[in-house]
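Q: I am new to this protein and would like to go through it step by step. Could we look at it together?
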Amino acid sequence: MSTTTSEATTSPPPSGSPADAPAAPARRASTTWAGFRVLGVAVRREPWVFALSTVGSVLFAVLTVADAWVLGWSTDHVVVPAFENGEIGASMLWAVVALFVGVALLRAVGIVARRLGAGIMQYRMQAHTRREVTRKYLELPMEWHQRHPTGQLLSNASSDVEAAWAPIAPFPMALGTVVMMVIAVVQMLAADLVLALVGLLVFPAVLVANVVYQRLASPLMTRAQRLRAEVAEVAHESFDGAMVVKTLGREGEETARFATKVEELREVNTRAGRVRAAFDPVLAALPNLGVLVVLAVGVARVQSGATDAGDVVTVAYLLTIVSFPIRAIGWLLGEFPRSVVGYERTRAVLEATGSMPHGAAPAPDGATGAHLTVEGVEYAYDETPVLRGVDFEAAPGHSVAVVGSTASGKSTLTQLLARLMDPDAGTIRIDGVDLRDLAPGELSRVVAVVPQTAFLFDDTVRGNVTLGADVSDDEVWSVLRTAQAEEFVRALPLGLDTPLGERGTSLSGGQRQRLSLARALLRRPRLLVLDDATSAVDPEVEQRILASLRSGAAGDTTLVVVAYRKATIALADEVVHLENGRVVDRGPHADLLARNASYARLVNAYEQPRAAAEEVLG
Ligand SMILES: Nc1ncnc2c1ncn2[C@@H]1O[C@H](COP(=O)(O)OP(=O)(O)OP(=O)(O)O)[C@@H](O)[C@H]1O
């Protein structure tokens, strides 16, 4: 297999695979640590924003606890004396108001800092990972892309990224609440040791409930994240193949296929929702039960003179706020399973080892077409050899037609010429320079490949031909003329400024192919490779295109054409006859026709009615 092969895969394991099974205890522990490691990545990347949100959260936590102290102090110094003496000192009243307002204002500052910081950090990390993932997609070789469905790539860059960084939102809050918990517990112990110990009995109960909740909810959330990606994959495939689906009347089947996945996702989410619905009230009620017990014991202790009313109020209030941190940490841990799955799926893309090694050589310059040399080229897909010992060359300015029956390896050869992948053995040279020795970006200055399926962007004619390059309209018209596209573009309502819609759907197949050719010509390649790039154009127009390319309109470009029509093949200086991945003959078309019976049968079959051709082509 070629050296560019990527062994990394981001494919979700099939349903029911071990990865989808309920998490084993070791896996659960590792999910928690893995979740913290994912957060560590975000903290290292955005330390200042993280510091801002954490300081805000700690401020909020400290002041929430301070509220309890203010409440207790006011009870002792204002409320109780008021009941005893029947009057309240004005200065004392103002002091209480100032304390409450001051604490509330500072708490508001803390909330703003926490939310702002967490939001900025989360969205920055999402944007950063999306940029990394999409940059990586562009670096990875074609072979990697052929193995990964588009829907999966979309979900890697969208829902997986969102899931990976979801815990950033509750993280600063959870950290602040830990501080809140520590201060509150110390305060409770200082206020009344006995009441505090009674109240703190609520801790083990809440912790146990949280652990049980995590164990039930985590596998469901992990499964839901995988299913989200699968739903996106099925949806993308259905929409992408909308024409096939509609013309073959498969709408019902496609809807059912999509509905099955959606139903599975709904079922898993509902189960997760049920678990949450069962545990939320329990987690919310436990601290209230604790407060009841504290109040009951507190009343008895006040009556016996062991404590005062202020301490009972303080401990009861602190107990309600202590339960909040436990739940906030639960929310954080609850996000971890989804986050770890999302992070691992994006890492699989980022760590895919398919990027192609480059040398440092510049593209060979020259006023004429390039000299192409293909020597002993071998290529296999998954151990299945497709090209074996392919040798041929194209002299500068010459044209070579690659002719062969279906699946003989013609498209694979054109992809190797554009270095969409590297040969397993042998070399491909341009003016004597091995393609692998060229620096990144250099090859596209010399070689252009026009595939059979023309891809147009949702842009104007001009945008599609220039791809944003700063070139004059005269140049654009010139390449459109060579590609035999001038006439129909002039007839479009806005000429070069006509928008073409997504994938150029407003044009015919042949028109799309001609724009795709014009786009390649504008780059003035020294080697132009046409992979059956005029298949949708009628034979007469195809002849004109080839003739204008041969006449030097494209600047003496060397041409390699995968061709089927006899008249087109006849225009080439030389024919390379490919069968089962081997070059079985080479030479001028007329010579091959005269000496090579299988070649003659093949090219004649292209000209015959369909049924007869199929008999020959197999
Ligand atoms: N991405 C791929 N993964 C695995 N096998 C592949 C892949 N692409 C092509 N093949 C196989 O390689 C062989 C050659 O395919 P290729 O497309 O190069 O032939 P071709 O001569 O261009 O065929 P056609 O004239 O039908 O377009 C075929 O058997 C095909 O099934």
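Q: Among contacts between residues at least 6 apart in sequence, what share join residues at least 24 apart?
A: The share is 81% in this protein. Please keep in mind that this is a predicted model.

Q: How many helices and strands are there?
A: There are 23 helices and 10 strands.

Q: And what percentage of the residues count as buried?
A: Of 618 residues, 39% are classed as buried.

Q: Let us turn to α11. What span should this helix have, and how far apart are its end C-alpha atoms?
A: Helix α11 covers residues 251-303, which is 53 residues, and at 1.5 Å a residue it should span 78 Å. Its end C-alpha atoms lie 77 Å apart, in agreement with that expectation.

Q: Which residues of α11 are buried?
A: They are Glu254, Val268, Pro287, Gly290, Val291, Val294, Val297 and Gly298.

Q: What happens just after α11?
A: Gly305 adopts a positive phi there, of about 80 degrees.

Q: How does α9 pack against α11, at what angle and axis distance?
A: Helix α9, residues 202-240, packs with α11 at about 165 degrees, and the two axes are 9 Å apart. An angle over 145 degrees counts as roughly antiparallel, and α9 and α11 are therefore roughly antiparallel to each other. Their crossing is left-handed. By class, the residues of this contact comprise 25 nonpolar, four polar and nine charged.

Q: Now α2 and α7: what are the angle and the distance between their axes?
A: Helix α2 (residues 47-85) meets helix α7 (residues 171-191) at an angle of about 30 degrees, with 8 Å between the axes.

Q: Why are they called roughly parallel?
A: Angles under 35 degrees count as roughly parallel, so α2 and α7 fall into that group. The crossing of α2 past α7 is right-handed.

Q: Which residues meet there?
A: On the α2 side they include Ser53, Phe60, Val65 and Trp69, and on the α7 side they include Pro172, Met180, Ile183 and Gln187. The contact of α2 with α7 holds 14 nonpolar and seven polar residues, and no charged ones.

Q: A change of topic: where is Pro364?
A: Pro364 sits in the loop that lies between α12 (309-350) and β1 (372-381).

Q: Why does Pro364 count as partly exposed?
A: Pro364 has 17 other C-beta atoms within 10 Å, whereas a buried residue needs 20 or more and an exposed one has 12 or fewer.

Q: What does Pro364 touch?
A: Leaving aside residues up to four places away in sequence, Pro364 touches Ile430, Asp431, Val433 and Val446.

Key. Residues numbered from 1 in each chain as written. Predicted model: local features only at pLDDT ≥ 70, side-chain atom pairs only at ≥ 80, totals over all residues. Helix = DSSP H or I, 4+ residues; strand = E, 2+ residues; numbered from the N terminus. Expected span 1.5 Å × (residues − 1). Axes fitted to C-alpha atoms, helices over the stretch in contact; angles between N-to-C directions. Parallel < 35°, antiparallel > 145°, perpendicular 65-115°, else oblique. Left-handed = near helix turned anticlockwise from the far one by under 90°. Contact = placed C-beta atoms within 7 Å. Nonpolar A, V, L, I, M, F, W, Y, C, P; charged D, E, K, R; others polar.
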